[in-house]
Amino acid sequence: MPLTGTGTPVEPGDYVNATKRFWHPMGPSTSDPKSETLIIISGDGNHVTDTEGNLLLDGVGGLWNVNVGHNRVEVKAAIHAQLDQLAYYQMFDGVAHPRVYDLADRITGMFAKEDMHRVLFGTNGSDAIETALKLARQYWIAAEQPARTRFLSLRNGYHGLHIGGTSIGGNAVYHYNHGPLLPGAHLLDAPWLYRNPWDSRDPVELTNHLIRQLEEQIEFLGPQTIAAFVAEPVQGAGGVIVPPDDYWRRVREVLDRHDILLVADEVVTGFGRTGNILGSRGWGVAPDILCFAKGITAGYIPLAATVFNGRVSKTIENGPGFSNVIMHGYTYSGHPTACAAALAVLDIVEAEDLPGNAARVGEVLLESMRDLERHDVVGETRGKGLMAAVDLVADKRTHEPIDPATGLAQRIAAQARREGVVVRPAGTKIIISPPLTLTGDEARTIVRALDAALTAVA
């Protein structure tokens with residue numbers, strides 16, 4: 001039974017009316033007394049249970065990350081065994097431990113096709129991105145081109161909430177309270193067929209527009225000033241924006257021509273969510289730097305990894321002067337227990353072919369979701385693998401999104417919970433990102449709950 005700070009037993013239901021002495025991320029600092037707080041007390045498989053004893057299908061997967069499902073015996077056993085051996089030790093000053101060797105070997109082996117050579121560990125996706133930005137700049141110092149400090153990224157992109165990730169992020173709502181931001185961050189339009197400045201619905205035409213814009217921006221800034229292009233293979237928090245098929249190949253060609261690094265933010269897409277072990281591999285491109293978190297441990301213990309290909313790692317390791325020194329890292333870099341959890345999770349990902357399951361069940365989910373477009377407030381349903389979104393609109397014809405202040409997305413999500421499914425309200429969208437162990441029947445259950453919620457609320 002849970003305890004208060006004084007050691008007094010507390011029943012799970014008592015938390016419903018308890019005073020909140022914490023702030024929720026990504027929300028108002030003062031809670032609306034009329035809003036519902038979903039309090040999860042347990043999880044098993046693809047379901048979680050709330051304080052009222054309701055069994056809910058987890059259509060959010062924790063937060064894009066519980067890829068192997070909740071309460072996996074294999075992962076808990078690996079954590080327990082590591083705790084019995086060595087719960088924690090640091091990696092500074094030339095110190096290491098067995099699990100960090102094991103996990104670095106595992107990751108570089110999994111991505112040998114992308115020529116990945118070195119890993120620097122952190123604790124979350126924001127760490128992974130910040131590491132990529134700093135080491136990209138260090139690469140160019142080591143390559144004796146120190147003027148390459150700028151970053152290109154995409155509108156609607158989300159890259160975590162450290163100052164670097166906030167600066168290259170493509171949604172202004174994350175900027176308002178935290179400026180001034182990192183100089184040298186430049187945004188380009190996202191590969192979004194549903195909404196784009198050219199009002200283009202043709203994937204080839206849209207890709208041509210975007211590549212032309214990329215070329216023009218590089219020419220304007222000067223390629224000799226640009227360190228890297230940073231993007232998600234499929235944009236997640238920005239609305240599950242799936243690019244046209246040829247977009248990434250053509251971006252890579254432009255970057256290669258101008259000798260600009262490609263950083264793939266695989267925090268959401270890595271380890272199977274899009275139906276491929278790497279989101280970028282699914283588009284046929286090999287980035288120079290990969291950023292992982294979320295699915296690497298399936299949320300069991302926080303961990304992140306930034307992975308560097310041969311070009312980047314060898315240049316830094318052979319850099320002149322001080323440029324070959326890694327002056328970056330975290331207290332919990334390569335945390336032994338987190339590494340043990342990651343190794344157990346990756347065993348499950350490969351043994352159960354979770355990328356393949358995400359592809360197969362994702363087709364069921366996306367096909368079923370199309371029926372939701374008959375609702376007046378649903379402009380589009382979209383996704384890839386087991387990441388999907390319902391785009392909520394005020395006008396189907398013009399694609400004008402709903403006003404987030406109406407709280408419609410929150411009301412739909414609350415009603416979906418009453419139907420037995422957890423989904424995530426995100427401003428003008430409903431996000432669906434279940435565990436990669438989801439079944440076809442469970443995918444249909446998510447859609448039925450959303451259908452009922454839309455009917456009741458919208």
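Predicted model: local features only at pLDDT ≥ 70, side-chain atom pairs only at ≥ 80, totals over all residues.
Student: How many aromatic pairs does a search of the whole structure find?
Tutor: The search finds eight.

Student: Why is the pair of Phe111 and Phe292 called stacked?
Tutor: Check the angle of the planes. The ring planes of Phe111 and Phe292 stand at 25°, and planes under 30 degrees apart count as stacked. The centres are 5.3 Å apart, and the limit for a pair is within 6.5 Å. So the pair is stacked.

Student: What makes this pair a tie between parts that are 181 residues apart in sequence?
Tutor: Phe111 lies in the loop between helix H3 (98–110) and strand S4 (116–122). Phe292 is in strand S9 (residues 289–292). The pair therefore ties those parts together.

Student: Why does Phe111 count as buried?
Tutor: Its relative accessibility is 0%. Buried means under 20%, so Phe111 counts as buried. Phe292 is also at 0%, so Phe292 is buried.

Student: Which residues form one aromatic cluster?
Tutor: Phe111, Phe271 and Phe292.

Student: What makes the pair of Tyr139 and Trp140 edge-to-face?
Tutor: The angle again. Their planes are at 75°, and over 60 counts as edge-to-face. The centres are 4.7 Å apart. So the pair is edge-to-face. Tyr139 and Trp140 are both buried.

Student: How do you know that the charged end of Arg148 sits over the ring of Trp140?
Tutor: The charged end of Arg148 is 4.2 Å from the ring centre. The cut-off is within 6 Å, and within 35 degrees of the ring normal. Arg148 is listed as sitting over the ring of Trp140. Lys384 does likewise over Trp283, 4.7 Å from the ring centre.

Student: Which residues have the most contacts inside the largest nonpolar core?
Tutor: Ile107, Phe111 and Leu392. That core has 67 residues. Its largest share, 10 residues, comes from helix H10 (residues 336–351). A second, separate core has 28 residues, including Leu154, Leu210, Tyr247 and Leu255.

Student: What is Leu392 in contact with, leaving aside its neighbours within four places in sequence?
Tutor: Its contacts include Arg195, Val377, Pro401, Ile412 and Leu454.

Student: How do H3 and H10 cross?
Tutor: Their axes come within 9 Å and cross at roughly 35°. H3 passes H10 in a left-handed crossing. Among the H3 residues that meet H10 are Arg99, Leu103 and Met110. On the H10 side, Ala340, Leu343 and Glu350 are among those met.

Student: What makes the peptide bond from Gly179 to Pro180 stand out?
Tutor: This bond is cis, with omega near -5°. Pro180 is in the loop between helix H5 (163–168) and strand S6 (185–188).

Student: Why does Asn156 count as partly exposed?
Tutor: Asn156 has 22% relative accessibility. Buried means under 20% and exposed over 50%. The value falls in between, so Asn156 counts as partly exposed. Asn156 lies in the loop between strand S5 (150–154) and H5. Asn156 also has a positive phi of about 75°, although it is not a glycine.

Student: What is phi of Lys294 near?
Tutor: Phi of Lys294 is near 30°, a positive value in a residue other than glycine. Lys294 lies in the loop between S9 and strand S10 (304–309). Its relative accessible area is 23%, so Lys294 is partly exposed.

Note on methods
Residues numbered from 1 in each chain as written. Heavy atoms only, no water. Phe/Tyr/Trp six-rings, centres within 6.5 Å; stacked < 30°, edge-to-face > 60°. Helix = DSSP H or I, 4+ residues; strand = E, 2+ residues; numbered from the N terminus. Buried < 20%, exposed > 50% of the residue type's maximum accessible area, 1.4 Å probe, protein only. Core = buried A, V, L, I, M, F, W, Y, C linked by side-chain atoms within 4.5 Å. Contact = heavy atoms within 4.5 Å. Axes fitted to C-alpha atoms, helices over the stretch in contact; angles between N-to-C directions. Left-handed = near helix turned anticlockwise from the far one by under 90°.
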